[in-house]
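Please read the following briefing alongside the sequence and the coordinates. The points are grouped by topic.

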Amino acid sequence: MRVGIIGTGALGQALAVRFVAAGETVLLSDSRNPRSPRDLADTIGPGLVPATVAEAAGEEIVVLAVPWRQLSEAVAAAGTCDWQERIVIDTTNPLGPLDLHVADLHVTESQDHQSSEVVAGLVPGARLVKAFNTLAPAILAAEPRTPAGRRVIFLSGNHPGANDRVARLVEHVGWAAVDLGRLAAGGRLQQFPGGQLATLSLLLQP
Ligand SMILES: NC(=O)c1ccc[n+]([C@@H]2O[C@H](COP(=O)([O-])OP(=O)(O)OC[C@H]3O[C@@H](n4cnc5c(N)ncnc54)[C@H](OP(=O)(O)O)[C@@H]3O)[C@@H](O)[C@H]2O)c1
């Protein structure tokens with residue numbers, strides 16, 4: 001299958017490495033359209049296709065791997081993308097400039113937003129799945145199957161079919177998928193910083 005990734009930083013590259021190693025085709029993009037993904041194609045392998053943001057956003061599964069403060073701009077670069085046709089994997093964490101503070105999620109007494117609910121608002125109609133936001137890129141880029149077990153990837157989202165689709169991709173790569181349910185509950189557990197599962201790196205024993 002083909003996966004579009006927007007963002008060629010530490011997180012986007014780590015996922016591209018594992019998806020390509022599992023035999024997937026990855027359309028990798030950043031704001032330089034597509035100069036730096038072309039450089040990465042040599043190191044990551046022939047399954048990596050340098051792409052524009054709009055091309056990456058054209059795939060059935062689109063991974064958002066850009067900093068929180070650049071999300072709107074990156075989504076806008078996807079142009080007239082029909083998000084209703086897409087599963088969007090949200091890897092982002094709501095961190096402000098230099099990752100030094102938590103971005104304002106406009107929490108009020110009556111509204112308590114989970115960060116992926118805010119991201120969902122940027123991609124109207126997309127089936128959004130929160131995943132890959134709790135582990136360091138070096139851990140994600142490493143072989144998911146270790147002698148002690150498979151690395152656990154948490155995911156959550158409001159569309160069970162999309163959660164299942166992403167779980168199948170995760171399992172195909174070799175990780176162990178753990179579906180935490182809807183964003184309001186599971187997404188909150190995964191949210192970084194603050195979520196109870198946010199810094200856990202777990203292995204599922206064989
Ligand atoms: N690093 C971690 O430990 C970690 C762990 C879990 C989750 N995350 C989350 O993953 C996301 C990415 O983090 P990162 O560490 O990979 O960041 P990073 O290394 O700073 O890379 C950010 C990437 O986003 C791209 N980008 C920025 N603005 C863009 C735009 N308008 N259009 C297209 N691409 C754009 C950049 O491309 P250009 O250089 O072309 O601008 C760059 O490739 C963040 O939301 C972060 O919270 C990070």
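In helix α8 (residues 183–190), the buried residues are Leu183, Gly186, Gly187, Arg188 and Gln190, where buried describes a residue with 20 or more other C-beta atoms within 10 Å of its own, exposed one with 12 or fewer, and partly exposed one in between, the C-beta atoms being placed from the backbone. The cover over these buried residues of α8 includes α5 (115–120), β6 (127–131) and β8 (149–157), with contact taken as C-beta atoms, placed from the backbone, within 7 Å. Helices (H or I, at least four residues) and strands (E, at least two) are DSSP runs, numbered from the N terminus. The model is predicted, and local features need pLDDT of at least 70, side-chain atom pairs count only at pLDDT 80 or more, while totals for chains, interfaces and linings use all residues. Residues are numbered from 1 along each chain as its sequence is written.

**Strand β8 and its partners**

- Strand β8 is mostly covered, with 7 of its 9 residues buried.
- Pairing requires that DSSP finds at least two bridges between two strands; β6 and β8 run antiparallel and are joined by 3 bridges, and valine 129 stands opposite glycine 157 in β8.
- Strand β7 (residues 145–146) is also antiparallel to β8, with 2 bridges; a hairpin joins β7 to β8 through 2 residues, and threonine 146 has glycine 149 in β8 as its bridge partner.
- Between β8 and β10 (203–204) there are 2 bridges in an antiparallel arrangement, and arginine 150 stands opposite leucine 204 in β10.
- With strand β9 (residues 176–179), β8 pairs in the parallel sense over 4 bridges, and the bridge partner of leucine 155 in β9 is aspartate 179.
- Together with helix α7 (residues 160–173), β8 and β9 make a right-handed β-α-β unit, right-handed meaning that, with the strands pointing away from the viewer, the path from the first strand over the helix to the second runs clockwise.

**Ligand shell**

- The ligand is surrounded by 26 residues, of which the closest are Gly9, Leu11, Asp30, Thr92 and Asn93; a residue is near the ligand if its C-beta atom, placed from the backbone, lies within 6 Å of it.
- Helices α1 (10–21) and α4 each supply at least two residues of this shell, and α1 gives the most, with 3 residues.
- By class, the shell has 13 nonpolar, 10 polar and 3 charged residues, with Ala, Val, Leu, Ile, Met, Phe, Trp, Tyr, Cys and Pro counted as nonpolar, Asp, Glu, Lys and Arg as charged, and the others, Gly among them, as polar.

**Nonpolar core**

- Of the 55 residues in the largest nonpolar core, Ile5, Ile6, Leu15 and Ile89 touch the most other members, a core being a set of buried Ala, Val, Leu, Ile, Met, Phe, Trp, Tyr and Cys residues joined through C-beta atoms within 7 Å.
- The largest share of this core, 7 residues, comes from α1.
- Not counting residues up to four places away in sequence, isoleucine 5 touches residues including Leu15, Val26, Leu28 and Val63.

**Backbone features and a loop residue**

- Most residues other than glycine have a negative phi, and most peptide bonds are trans.
- Phenylalanine 132, in the loop between β6 and α6 (137–141), has a positive phi of about 65° although it is not a glycine, and phenylalanine 132 counts as buried because it has 25 C-beta neighbours inside 10 Å.
- The peptide bond from phenylalanine 192 to proline 193 is cis, with omega near 0°, and proline 193 lies in the loop between α8 and β10.
- Glutamate 85, in the loop between α4 (71–76) and β5 (87–90), counts as partly exposed because it has 13 C-beta neighbours inside 10 Å.

Note on methods. Contact = placed C-beta atoms within 7 Å.
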